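Please look at the sequence and structure first.

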Amino acid sequence: MIKIKPFLIAALLLTGFTLPVTAQIGEARSNFSVGINGGVNLNSASFTPTIKQNSLMGITGGLTARYISEKYFAMICGAQVELNVSQRGWDQLFETVSLDANGYEVTSKDPTKTYTRKMTYVDIPFLAHLAFGRDRGLQFFVHAGPQIGFLISESETIEGIDMNNLSNTQKAVYGVKIQNKFDYGIAGGGGVELRTKKAGSFIVEGRYYFALSDFYSTTKKDYFARAAHGTITIKLTYLFDLKK
């Protein structure tokens with residue numbers, strides 16, 4: 001007997017790839033579109049023990065392919081896959097404590113110190129596409145599904161820090177290469193699409209990626225119990241129909 005892993009079953013369900021059924025539910029479609037996407041990432045990383053951070057901005061962009069298979073009442077159903085190059089990472093927050101005019105302690109950002117880790121991935125999200133609206137005109141949609149990624153480059157920026165007097169957390173990060181280059185998690189979001197008859201589709205989307213994997217080793221003997229990405233993405237996509 002062939003065994004199918006639960007993660008594979010979940011991925012198939014989330015992306016809308018289901019086994020054929022004897023009766024068609026709803027109105028069948030066969031619309032295949034391709035195009036390009038681009039936008040910005042607002043990045044942070046979840047660490048245990050915690051590292052205080054500023055939001056780190058990066059860029060993302062790549063190719064998009066989408067297949068619309070069915071319209072069920074007012075809901076348009078399909079699947080979407082992307083191939084993106086995406087900048088992630090984190091920017092550590094350094095703080096300094098001073099006294100105000102009344103003698104109270106005030107915590108503020110220390111501008112003399114900088115630590116930034118930038119990481120570039122090739123990301124492949126597999127998304128279920130559910131839209132509501134007119135076939136030609138304005139549509140509102142949601143996306144959800146698994147995402148995998150592969151680290152292709154990384155870099156550090158370290159300024160104003162005494163490398164001979166580091167905390168245990170800093171020693172676990174500074175100068176330490178990323179140990180797990182394969183990344184996976186769940187992506188989801190929504191947006192607005194303007195579908196035209198001849199000019200294609202213009203899309204604005206907000207999306208959040210929650211990593212289920214850790215980029216540092218997180219076994220019992222390691223310093224971190226969690227080291228994973230969290231990314232908010234705002235992107236624009238243009239699609240044109242290859243098959244209507």
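**Salt bridges and a cavity**

Asp 214 and Arg 226 are both buried (under 20% relative accessible area; exposed is over 50%, partly exposed in between, with a 1.4 Å probe and protein chains only). The model is predicted, so local features need pLDDT of at least 70 and side-chain atom pairs pLDDT 80 or more, while totals for chains, interfaces and linings use all residues. Residues are numbered from 1 along each chain as its sequence is written, and side-chain values use heavy atoms, without hydrogens and water.

**Salt bridges**

- The count is 13 salt bridges, each a side-chain nitrogen of Lys or Arg within 4 Å of a carboxyl oxygen of Asp or Glu.
- Asp 214 pairs with Arg 226 in a salt bridge, with the closest N and O atoms 3.9 Å apart.
- Asp 214 is in the loop between β10 and β11 and Arg 226 in strand β11, so this pair ties together parts 12 residues apart in sequence; strands are DSSP runs (E, at least two residues), numbered from the N terminus.
- Arg 136 forms a salt bridge with Asp 241, at 3.7 Å between the closest N and O atoms.
- Arg 136 belongs to the loop between β7 and β8 and Asp 241 to strand β11, so the pair joins parts 105 residues apart in sequence.
- A network of salt bridges links Arg 66, Arg 136, Glu 193, Arg 195 and Asp 241.

**Cavity**

- One cavity of 30 Å³ or more is present; on a 1 Å grid over the protein atoms alone, a cavity is a set of points where a 1.4 Å probe fits but cannot get out, and lining residues have an atom within 4 Å of a point.
- Strand β4 (75-92) gives the largest share of the lining of the largest cavity, four residues.

Conventions. On a 1 Å grid over the protein atoms alone, a cavity is a set of points where a 1.4 Å probe fits but cannot get out, and a pocket is an open set with protein on both sides within 12 Å along at least five of seven lines; lining residues have an atom within 4 Å of a point. Grid points are joined across faces, edges and corners, and a volume is the space filled by probe spheres set on the points.
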